[in-house]
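Subject: Handover of a structure and notes on what was found

Dear colleague,

Please find below the structure that I am handing over to you. My notes on it follow, and I would ask you to read them with the structure open beside you.

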Amino acid sequence: MARISKQSKNASVEKKLLQQKRGRRKLCLEKKARDYSKMCGAEVCLGIRIRQSGKVFLYSAGASEFWSTLCSQLDSYYPRPVERHEKCL
């Protein structure tokens, strides 16, 4: 059986913890954008780009499709952006 070295095990644990932290921060920002849109009646668009992977996440909250032009401009971006929309009244 091959042994897994402590360094590689620690590196994989650290990588997983960083991914979890990044995911929590992203969800927290999306929640704040949604809350701001509801409280103030504002059109909110949030764009997050992960440096290491190049992934782009777009979140828009509002009653109109004002930010759809931004999403259409990023269609040619690789990897394709992950889009989430929420209709707020």
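Which residue is the bridge partner of Cys-45 in S2? In S2, that partner is Ser-60. Before going further, please note that the model is a predicted one.

**Overall layout**

The chain contains two helices and three strands. Read from the N terminus, these elements follow the order α-β-β-α-β. Of the 89 residues, 21% count as buried. Among the contacts with a separation of 6 or more, 46% are between residues 24 or more positions apart.

**The sheet**

The three strands form an open sheet in the order S1-S2-S3, and the pairing is mixed. S1 and strand S3 (82–86) are the edge strands, each pairing on one side only. From one strand to the next, the twist averages 10 degrees. As background, the strands of a sheet pair through backbone hydrogen bonds, either parallel or antiparallel. Here S1 and S2 run antiparallel and are joined by six bridges. These two strands form a hairpin with six residues between them. In the turn, Gly-54 has a positive phi of about 80 degrees.

Which residues of S1 lie on its covered face, and which on its uncovered face? Val-44, Leu-46 and Ile-48 make up the covered face, whereas Cys-45, Gly-47 and Arg-49 make up the uncovered one. Cys-45 has a relative accessible area of 23% and is therefore partly exposed, because buried requires a value under 20%. Another cysteine, Cys-28, also counts as partly exposed, at 36% relative accessibility. The count of disulfides comes to zero.

In soluble globular proteins, nonpolar side chains tend to be buried together. The largest nonpolar core of this model has eight residues: Ala-33, Val-44, Leu-46, Ile-48, Ile-50, Phe-57, Tyr-59 and Ala-61. Strand S1 (44–49) and strand S2 (56–61) each supply at least two residues of this core.

Leaving aside residues up to four places away in sequence, Leu-46 touches Leu-29, Glu-30, Phe-57, Leu-58 and Tyr-59.

**Two further residues**

Is Ser-37 buried or exposed? Ser-37 has a relative accessible area of 3%, so this residue is buried. Ser-37 is found in helix H1 (residues 6–40). A polar atom of the Ser-37 side chain lies 2.9 Å from the backbone oxygen of Ala-42.

Arg-80 sits in the loop between helix H2 (68–73) and S3. Its relative accessible area is 55%, so Arg-80 is exposed, the cut-off for that term being over 50%. Arg-80 and Phe-57 are 23 residues apart in sequence, and their C-alpha atoms are 9.0 Å apart in space.

**Where to begin**

Yours sincerely,
A colleague

Note on methods:
Residues are numbered from 1 along each chain as its sequence is written. This is a predicted model: local features need pLDDT of at least 70, side-chain atom pairs count only at pLDDT 80 or more; totals for chains, interfaces and linings use all residues. Side-chain values use heavy atoms; hydrogens and water are left out. A nonpolar core is a set of buried Ala, Val, Leu, Ile, Met, Phe, Trp, Tyr and Cys residues joined through side-chain atoms within 4.5 Å. Buried means under 20% relative accessible area, exposed over 50%, partly exposed in between (1.4 Å probe, protein chains only). Helices (H or I, at least four residues) and strands (E, at least two) are DSSP runs, numbered from the N terminus. Contact means heavy atoms within 4.5 Å. Two strands pair if DSSP finds at least two bridges between them. Axes are lines fitted to C-alpha atoms, for helices over the stretch in contact, and angles run from 0 to 180 degrees between N-to-C directions. A disulfide is a pair of cysteine sulfur atoms within 2.5 Å. A polar contact is a pair of N or O atoms within 3.5 Å; within protein, one must be able to donate a hydrogen and the other to accept it, and residues adjacent in sequence count only if both atoms are side-chain atoms.
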